[in-house]
Amino acid sequence: AKHWSLLVVCNLQAMESYPPGTPSAPDLPCMLYLDSLGCAGGPTEAHFRTMRRWLEARAKVEAVQTPPFTPETLRGVPCHSPLQENTSDCGVFVLRFLEQLEARLPCCPAFPAPDLGLTCTQDDVVWLRRQMAATLKGMATPETRSLLAHYDRLWAKLQTAV
């Protein structure tokens with residue numbers, strides 16, 4: 001089984017502005033990790049390590065000089081996040097977290113394990129799925145919209161037949 005969680009890199013451009021070990025600042029470089037299954041106690045540090053390695057590789061490819069990506073220069077922050085009640089809605093939770101974080105970034109919250117004030121409940125999921133479907137349908141080509149309308153009609157027939 002696959003699971004979606006979210007890792008957001010904040011204020012990467014500010015790495016050279018702060019010496020390693022700076023306790024806290026609103027624009028401090030950091031990585032925020034959110035997991036709607038609450039698995040943050042396990043693989044979180046591995047996620048942060050992987051992201052630091054990827055950022056180093058990208059900097060090399062782009063020939064960009066950066067300070068080394070270490071836990072001291074780019075902190076990892078496991079954040080409190082709303083929890084889902086099943087194993088199938090993680091994608092909806094991740095998209096909702098992204099939507100809410102967009103208004104708050106860039107910022108690096110207080111350490112450790114901040115509560116970012118994100119909201120999402122299992123009751124929100126049905127509405128969020130419908131909202132996402134409407135957004136995607138609105139972006140679709142006329143041909144795709146026609147096909148989606150056909151599938152909606154088929155689905156409605158199936159629902160009345162049951």
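**Close-up 1. Salt bridge between Glu-45 and Arg-52.** The side chains of Glu-45 and Arg-52 form a salt bridge with an N to O distance of 3.6 Å, the term denoting a side-chain nitrogen of Lys or Arg within 4 Å of a carboxyl oxygen of Asp or Glu. Arg-52 is buried at 5% relative accessibility, whereas Glu-45 is partly exposed with a relative accessible area of 39%; here buried means under 20% relative accessible area, exposed over 50%, and partly exposed in between, with a 1.4 Å probe and protein chains only. The model is predicted, so that local features need pLDDT of at least 70 and side-chain atom pairs count only at pLDDT 80 or more, while totals for chains, interfaces and linings use all residues. Residues are numbered from 1 along each chain as its sequence is written, and side-chain values use heavy atoms, with hydrogens and water left out.

**Close-up 2. Salt bridge between Glu-62 and Arg-58.** In this pair the side chains meet at 2.8 Å, N to O. Glu-62 is partly exposed at 44% relative accessibility, and Arg-58 is likewise partly exposed, at 42%.

**Close-up 3. Salt bridge between Asp-89 and Arg-129.** The closest N and O atoms of Asp-89 and Arg-129 lie 2.6 Å apart in this salt bridge. The pair links distant parts of the chain, 40 residues apart, with Asp-89 in the loop between strand S3 (75-78) and helix H2 (90-102) and Arg-129 in helix H3 (residues 122-139); helices (H or I, at least four residues) and strands (E, at least two) are DSSP runs, numbered from the N terminus. Asp-89 is buried at 5% relative accessibility, whereas Arg-129 is partly exposed, with a relative accessible area of 40%.
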